Amino acid sequence: MLAIRIHTERGESYERPALGFLSELVARIGADGDHFVVVERLTADPDEYIQVWHDEGDDYQLEHRAGSADRHFQTYLPTAAEVAAVMTRWARDEKDWSTGPTWSRLTFPPDREPTADAPPPA
């Protein structure tokens, strides 16, 4: 089990899911009304999370936030398996979990502060 809480666009919420369940959710997303998965560690600051957005046929937009808005990053990955692997390493708080993908910092307008339960920008 992972010490995380998962939220989906469908309004589903799961706490402490089995290891493979996160992979199943990431592989499922992409259709209308089912584009994103947001993951929070149960022991972390609510401004620390990882989330993915996916439109069928496009790459997966993976984001993570480590506190303040200036610590919000994104990358694009081609497969659900790659996304689920990074999200699982993040959920486990593994050392060097973010190595591999090339991350870029996101900037937001001052009036649009992102939250864990809001989808990433398209």
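These legends walk you through a few views of a predicted model.

**Before you start.** Residues are numbered from 1 along each chain as its sequence is written, and side-chain values use heavy atoms, leaving out hydrogens and water. Because this is a predicted model, local features need pLDDT of at least 70 and side-chain atom pairs count only at pLDDT 80 or more, while totals for chains, interfaces and linings use all residues.

**View 1. The whole chain.** From the N terminus on, their order is β-β-α-β-β-β-β-α-β. Of the 122 residues, 43% count as buried (under 20% relative accessible area, with a 1.4 Å probe and protein chains only).

**View 2. The two faces of strand β1.** Strand β1 covers residues 4-8, and its side chains alternate.

**View 3. β1 beside β3.** Strand β3 spans residues 36-41 and pairs with β1 in the antiparallel sense over 5 bridges (pairing requires at least two DSSP bridges between the strands). Look for Thr8, which stands opposite Val37 in β3.

**View 4. The hairpin of β1 and β2.** β1 also pairs with strand β2 (residues 13-15), in the antiparallel sense over 3 bridges. Tyr14 in β2 is the bridge partner of Ile6. Between the strands of this hairpin there are 4 residues, and Gly11 takes a positive phi near 90 degrees.

Definitions and conventions. Buried < 20%, exposed > 50% of the residue type's maximum accessible area, 1.4 Å probe, protein only.
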